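Biologist: I would like to learn how to read a few features of a model, one at a time. Please give the general idea and then the case at hand.

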Amino acid sequence: MINTVFSLAIYVIAIYVAWWALLPVKWDKLLNQVRSPQAAVLRVLVAVVCLIK
């Protein structure tokens, strides 16, 4: 149980770090509406993909 919680915490921290690393990307050149919920989901998915690679 503790191992699972620890693993989940590590994943959340890693996604946050990947999100932080993607902040300098000029999203306005790629997306029409940078502040939309869909754009936020896209950034989260890109952060997760960065962890997988």
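Biologist: Is Ala21 buried, partly exposed or exposed?

Modeller: Relative accessible area decides: buried means under 20%, exposed over 50%, and partly exposed in between, with a 1.4 Å probe and protein chains only. Ala21 has 49% relative accessibility, so Ala21 counts as partly exposed. The model is a predicted one, in which local features need pLDDT of at least 70, side-chain atom pairs count only at pLDDT 80 or more, and totals for chains, interfaces and linings use all residues. Residues are numbered from 1 along each chain as its sequence is written, and side-chain values use heavy atoms, leaving out hydrogens and water.

Biologist: Where does Ala21 lie?

Modeller: Helices (H or I, at least four residues) and strands (E, at least two) are DSSP runs, numbered from the N terminus. Ala21 lies in helix H1.

Biologist: How many helices and strands does the protein have?

Modeller: There are two helices and zero strands. The radius of gyration of the protein is 13 Å, well over the 10 Å that the globule rule gives for 53 residues, so the protein is more spread out than a compact globule. That radius is taken over C-alpha atoms, and the rule is 2.2 Å times the number of residues to the power 0.38. Along its principal axes, the C-alpha trace spans about 45 × 20 × 15 Å.

Biologist: What span should H1 have, and what span does the model give?

Modeller: The expected span of a helix is 1.5 Å times one less than its number of residues. For the 20 residues of H1 this should be 28 Å, and the end C-alpha atoms are 29 Å apart, which agrees.

Biologist: Why can H1 be said to lie largely in the open?

Modeller: Of its 20 residues, the number buried is one, so H1 lies largely in the open. Over the protein, 15% of the 53 residues count as buried.

Biologist: Which residues form a nonpolar patch on the surface?

Modeller: A patch takes residues with over 30% relative accessible area and no salt bridge, joining like charges within 9 Å and nonpolar side chains (Val, Leu, Ile, Met, Phe, Trp, Tyr) within 5 Å. A salt bridge is a side-chain nitrogen of Lys or Arg within 4 Å of a carboxyl oxygen of Asp or Glu. Here Ile13, Tyr16, Val17, Trp20 and Leu23 make up the patch, together having about 600 Å² of accessible area. Areas come from the Shrake-Rupley method with a 1.4 Å probe; for residues, only the protein chains shown count as cover. Ile13, in helix H1 (residues 2-21), is exposed, with a relative accessible area of 52%.

Biologist: Which residues is Leu51 in contact with, leaving aside its neighbours within four places in sequence?

Modeller: Contact means heavy atoms within 4.5 Å. Leu51 lies in helix H2 (residues 37-52) and is in contact with Tyr11, Ala14, Ile15 and Ala18. At 37% relative accessibility, Leu51 is partly exposed.

Biologist: Where does Asn32 lie?

Modeller: Asn32 is in the loop between H1 and H2, and is exposed, with a relative accessible area of 84%.
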